[in-house]
Amino acid sequence: MTEGTVADRRVHPGTVALRFLKDLPQTIIGLPALFALMSDTGWLYVIPIALVAMIVLVLVQWLAWRRFAYGVGAHEIVIQSGILSRNRRSIPFDRVQDVDIERGPLHRLFGLAKVRIETGGSAKDEGVLDSVTLSEADRLRAAVRAGKTGGAPIETAEGIEPDARIVHEMSPARVFVSGLFNFSLLWIAGLFALLQTFEPWIKPLSGFDIYDPGRWLGLVDEGAERGFTVGAALAVLMVALLLGVITGILSTLSRDFGFRLTAEGARLRRERGLFTRSEVVLPRNRIQLAMIASGPVRRAFGFAELFFQTLSAGKGSGGQQSVAPFARDDEVAHVLKEGRGLPLPDPATLEKVSSRHVVRAAIRDALPPLVIILAASLFRVEALFLLPFVPFMLVVAFVSRRFHRYALAGDTLFVSAGVWRRRLWIVPVRNTQAVKLSRSILQRLLGLASVAVDTAGAPAFGGPRIVDLRLDHARALMDELAAGVRSRQSHEGGKLHAF
């Protein structure tokens with residue numbers, strides 16, 4: 001830490017109002033419980049208590065703002081915070097991936113922005129400044145870039161370099177169509193959240209306890225007694241599907257409206273959002289791998305989603321950033337080329353995993369349900385009606401091998417997997433940090449093994465993994481990956497870990 005770096009700046013005073021307005025809905029949600037608790041006491045006591053609670057909330061937010069300071073030195077950013085216990089955090093420029101800017105509805109209303117300092121070594125935000133003016137946000141980003149490169153800051157009106165060019169963007173019509181493919185059941189969660197919020201009022205007025213499963217089953221029984229027809233059931237299903245489509249459209253519009261990916265020198269910049277406008281910078285040299293995902297409906301219409309995994313852990317994304325949410329094959333190829341020069345595989349070069357994959361999947365996925373159904377039929381013969389699901393699982397096991405393929409072409413590893421939601425990983429061998437060979441008991445009996453490839457910034461689960469290779473093929477692939485990494489990292493002093 002540089003002793004000369006002084007935390008001599010504060011975020012905008014409007015932060016106090018912004019945080020109060022953000023916390024206000026939580027306070028309002030708690031009012032029904034307070035009213036129900038003090039219903040016997042009288043309303044004259046409730047209002048003063050609510051006012052005192054709001055005053056205390058404002059005071060706490062003011063103290064937090066007053067005790068928060070930051071400073072930008074020649075080699076680091078320093079942040080001091082804490083009302084009673086003081087914390088001083090130093091973030092060296094060489095650990096900063098970049099400075100991301102986010103503008104929610106309230107930020108945009110007051111002309112402010114939230115600045116998030118992204119690093120590559122933490123699963124949480126190491127530095128957040130909420131909120132600063134737009135000019136200060138641009139100044140911070142320019143200072144970080146200058147500190148990382150040792151050059152002079154680049155100042156522009158909107159923080160975008162003059163040589164920026166658009167790599168991929170989505171028109172409002174494209175975003176709307178994308179929403180049609182993003183069916184969502186979030187409306188159910190929202191409905192229950194509303195019921196939970198107003199439960200203190202619902203129960204006294206109607207006597208209905210939303211936490212009692214018997215009451216919900218009673219509603220179903222009442223509907224059956226009243227002659228709940230098949231037509232009515234289909235109508236309810238259609239309404240549920242319609243709400244799911246509408247929710248998907250609204251959530252997609254909120255997230256991806258105005259989506260634009262631009263190339264600026266050694267960086268890619270992604271901007272998107274209708275209400276909360278977010279801006280994320282992805283340095284090209286920190287892109288570790290690419291992943292293309294598509295569902296059955298998207299595939300039928302020729303669309304897919306492209307992700308880049310970066311060194312930064314990101315906020316709730318595990319370092320996985322969507323860079324083309326709804327793109328055709330040629331658009332995906334263009335973004336891959338601009339991002340890190342990554343290629344698409346030749347389908348003819350992708351090899352299937354061992355045919356024993358079907359045997360193992362059948363034993364693992366079909367045998368236990370078969371045993372359970374047969375055991376249950378000893379007590380209830382109706383359980384035998386579930387037997388048709390067993391052949392279905394066998395079909396899934398067979399189809400999963402068809403789409404689980406891999407190829408090591410030059411310095412790039414390709415891995416495809418998935419029956420319903422298919423994924424294709426594109427992994428530059430030079431970015432491999434660890435290669436792991438694992439064998440379960442069943443795999444050992446069948447002479448199989450799985451090979452998992454790990455890169456920096458990867459999530460704990462869900463990375464590229466080749467399941468059920470023949471043991472000799474798995475070891476050969478592992479050796480090839482290790483040799484490829486050593487030949488490219490020897491001059492960098494890099495290390496490959498093999499287990």
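The buried residues of helix H12 pack against quite a list of partners: helices H13 (367-377), H14 (389-403) and H15 (441-446), plus strands E19 (448-455) and E20 (465-470). H12 itself covers residues 356-365, and its buried members are His357, Arg360, Ala361 and Ala362. Keep in mind that you're looking at a predicted model.

**The largest nonpolar core**
- This core has 32 residues, and the ones touching the most other members are Leu268, Ile292, Leu306, Phe308, Leu336 and Ile426.
- Two helices, H9 (230-256) and H11 (329-340), each supply at least two residues of this core.
- Strands that also supply at least two each include E8 (260-264), E10 (277-283), E11 (287-294) and E12 (304-310), along with E13 (320-327) and E17 (422-428).
- Strand E13 gives the most, with 4 residues.

**Zooming in on Ile292**
- If you skip its neighbours within four places in sequence, Ile292 is in contact with Ala304, Glu305, Leu306, Val332, Leu336, Leu344, Arg422, Arg423, Leu424 and Ile426.

- Val52, Val56, Leu59, Val60, Trp62, Leu63, Ile83 and Leu84 make a nonpolar surface patch of about 740 Å².
- One of these patch residues, Leu63, sits in helix H2 (residues 43-66).
- Leu63 has a relative accessible area of 31%, so it counts as partly exposed.

Key. Residues are numbered from 1 along each chain as its sequence is written. This is a predicted model: local features need pLDDT of at least 70, side-chain atom pairs count only at pLDDT 80 or more; totals for chains, interfaces and linings use all residues. Side-chain values use heavy atoms; hydrogens and water are left out. A nonpolar core is a set of buried Ala, Val, Leu, Ile, Met, Phe, Trp, Tyr and Cys residues joined through side-chain atoms within 4.5 Å. Buried means under 20% relative accessible area, exposed over 50%, partly exposed in between (1.4 Å probe, protein chains only). Contact means heavy atoms within 4.5 Å. Patches are made of residues with over 30% relative accessible area and no salt bridge: like charges are joined within 9 Å, nonpolar side chains (Val, Leu, Ile, Met, Phe, Trp, Tyr) within 5 Å. Accessible areas come from the Shrake-Rupley method with a 1.4 Å probe; for residues, only the protein chains shown count as cover. A salt bridge is a side-chain nitrogen of Lys or Arg within 4 Å of a carboxyl oxygen of Asp or Glu.
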